[in-house]
Amino acid sequence: MHLLLDDEYAITTDIHFWMDHYISDGTDINEEQWQELVEGINYKKALNKCADFLSRREHSVKELKIKLLRTVDEKSAQMAIDRYIEAGYLDDEHFCRSLVEYFYNVKKYSLNHIKQECYKRGVNGDIITNVLEDYSFDNVSTIIELINKKYSSKLEQETGKEKVIAALQRKGFSYSDIKSAFYRLEQDEF
């Protein structure tokens, strides 16, 4: 539904909102009533956007708010976020745990890289610290696992070792951890 004010386009809403807040055509409304209607429309839009974004994947509170602010005002965005937090659909700690699980078990990133990814997505530092306390990271063992599963064929190439080291560094592993992993692998071979 497109709403016109003084025969000029003003705002768009959905049919359900309009049916709940119906104002007949040609009705005079004052500025306060108009602002109340616009706030209601923006809040409804923010709720719908939250549902849309969260139906696709989990988000942090900060990440979701940034996306909402592209289309709605600050007040409506915050009210919608508060409603989704209250309903339990938005939880930074659960989001952080999911990220850590994914980046550690699937992507095989280093501890530092996982922290950076969590910060980048807007998770609070205290939440990241609390979540990471529940995990025991062994970067050297992770590197050995990656080399054995993913990079063993590359090591046979002429410049393979350098390429593997560069790939592991892109995953956030330190050079000392990589050297330790190669040392362990060499010791096990003999």
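Buried means under 20% relative accessible area, exposed means over 50%, and partly exposed lies in between. By that scale, Asp-52 is partly exposed, because its relative accessible area is 30%. The model is predicted.

**Salt bridges**

- Side chains of opposite charge can pair when their charged atoms come close.
- The whole structure holds 11 salt bridges.
- One of them joins the side chains of Glu-39 and Lys-75, at 3.6 Å from N to O. Glu-39 belongs to helix 2 and Lys-75 to helix 4, so this pair ties together parts that are 36 residues apart in sequence.
- Both partners are partly exposed: Glu-39 has a relative accessible area of 41%, and Lys-75 has 49%.
- Asp-52 forms a salt bridge with Arg-56, and their closest N and O atoms are 3.0 Å apart. These two residues lie in helix 2, 4 residues apart, which is about one turn of the helix. Arg-56 counts as exposed, at 62% relative accessibility.
- In helix 8, Lys-149 and Glu-145 are likewise 4 residues apart, about one turn of the helix. Their side chains meet in a salt bridge at 3.4 Å, N to O. Lys-149 is exposed at 69%, whereas Glu-145 is partly exposed at 29%.

**Positive surface patch**

- Lys-107, Lys-150, Lys-154, Lys-163 and Arg-170 form a positive surface patch.
- Helix 8 (139-155) and helix 9 (160-170) each contribute at least two residues to the patch.
- Lys-163, in helix 9, is partly exposed at 47% relative accessibility.

- Ile-147 sits in helix 8 and is buried, with a relative accessible area of 2%.
- Beyond its neighbours within four places in sequence, Ile-147 contacts Ser-152, Leu-155, Val-164, Leu-168, Phe-182 and Leu-185.
- Phe-182 is 35 residues from Ile-147 along the chain, and their C-alpha atoms are separated by 8.9 Å.
- In helix 3 (residues 61-68), the buried residues are Glu-63, Leu-64, Lys-65 and Leu-68. These buried residues pack against helix 2 (31-56), helix 4 (74-87) and helix 5 (92-106).

**A loop residue with positive phi**

- Most residues other than glycine have a negative phi.
- Lys-108 has a positive phi, near 60°.
- Lys-108 is located in the loop between helix 5 and helix 6 (111-120).
- At 17% relative accessibility, Lys-108 counts as buried.

Terms used: Residues are numbered from 1 along each chain as its sequence is written. This is a predicted model: local features need pLDDT of at least 70, side-chain atom pairs count only at pLDDT 80 or more; totals for chains, interfaces and linings use all residues. Side-chain values use heavy atoms; hydrogens and water are left out. Patches are made of residues with over 30% relative accessible area and no salt bridge: like charges are joined within 9 Å, nonpolar side chains (Val, Leu, Ile, Met, Phe, Trp, Tyr) within 5 Å. Accessible areas come from the Shrake-Rupley method with a 1.4 Å probe; for residues, only the protein chains shown count as cover. A salt bridge is a side-chain nitrogen of Lys or Arg within 4 Å of a carboxyl oxygen of Asp or Glu. Lys and Arg count as positive and Asp and Glu as negative; His and the chain ends are not counted. The place of a charge is taken as NZ of Lys, CZ of Arg, CG of Asp or CD of Glu. Buried means under 20% relative accessible area, exposed over 50%, partly exposed in between (1.4 Å probe, protein chains only). Contact means heavy atoms within 4.5 Å.
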